[in-house]
Amino acid sequence: RPLESGVKAAHEMGVEILGWYRLNNNFASKQVLQELGPGLNSEFFMAHPEFLLRRANGTADPSKYSFAYPAVRDYVRALCVEMVRKGVDGLMLDLLRHPPLAGYEPPLVDGYLQKHGVDPRQIKPTDDAEFARWSAYRARHSFTQFVIDLAAELRRIGKPVPIGLRCSLAPFAWNRDNGMDVEDLVKRGLIGELCLMNGYLSRPDLLHRPHEIAAAAAPYFRLTKGHSVKLICGLHGRSPDETLTYGRFAHDAGFAGIAIYESDVYATKPDHVRAYRQLKNRLTVSEPWLTASAAARDRLVPWQAPGAKP
């Protein structure tokens, strides 16, 4: 019982433990099924091809189901509630690797057509205003509805633990177009933590420009002002020196903390262990980023640490 054991060990050490769940983590392409079989997918996913996400041209994505369907939302919600019942202190819903969460499924297409008189399959992404309206509608009636129902169910069972999201440090529109309307979720008071992964899928330039993290995250800081939302900067795939550099910039940008994806590395590799301890104690980075030659070619973005003089 790994989850129960993890909860017990974490609480014995005085550590908060979150139930981390990567949503839509399915691998069912024809090639994968031929080579490895269905074992990388849930039985629910394999049993319900009618819930697959559909593109504008009507073709199905073989590895994604859509949160437009109540049955999908019910299935995922049950897993989240099970984790909470087993004692986790919060949930971290991972939306990073497998967007979108909804596409052009009949419930969404028919609903939008009835409400607005426009077939969303005919809307081009270049039609800014109309596509934004369709994008917001799609997110609201798929993943946002899932979070609304999940929060209500946790309250009903007397365990209203915080719900966090892990998503790309991308413009709001990019996340919304992929079914994750972060603005709407924050304004509804449904989110307690946002883990923003820099440079993954969107804004890959941030992988090499850590000094621009603050500017990229500024809209999220403005959005969460006045809301009880903890902003975390996600790091992954970093050498020890890069971890120190990115951690310093995340700290000075005002993030409440950092999330390290390959956490096993920090328990098994001595160089990473030393870097993590140095970062934890906020010691001086041995080679500040702005002295590196690569940074001189980048456009620097003015920023300052919270409370610091300009």
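**Close-up views of a predicted model**

The predicted model has 15 aromatic pairs, a pair being rings of Phe, Tyr or Trp (its six-membered ring) with centres within 6.5 Å. Local features need pLDDT of at least 70, side-chain atom pairs count only at pLDDT 80 or more, and totals for chains, interfaces and linings use all residues. Residues are numbered from 1 along each chain as its sequence is written, and side-chain values use heavy atoms, with hydrogens and water left out.

**View A. Tyr 65 and Phe 67 pair edge-to-face.** Planes under 30 degrees apart count as stacked, over 60 as edge-to-face and the rest as tilted. Here the centres are 6.2 Å apart, with 80° between the planes. Both Tyr 65 and Phe 67 are buried (under 20% relative accessible area; exposed is over 50%, partly exposed in between; 1.4 Å probe, protein chains only). One aromatic cluster includes Tyr 65, Phe 67 and Phe 143.

**View B. Phe 172 and Tyr 220 form an edge-to-face pair.** The ring centres lie 4.8 Å apart and the planes make an angle of 70°. This pair links helix H8 (residues 172-177) to helix H10 (residues 213-224), its members being 48 residues apart in the chain; helices are DSSP runs of H or I, at least four residues, numbered from the N terminus. Phe 172 counts as buried at 18% relative accessibility, as does Tyr 220 at 1%.

View C. The structure holds zero disulfides. Cys 195 is buried, at 4% relative accessibility.

How values were computed:
Disulfide = S-S within 2.5 Å. Helix = DSSP H or I, 4+ residues; strand = E, 2+ residues; numbered from the N terminus.
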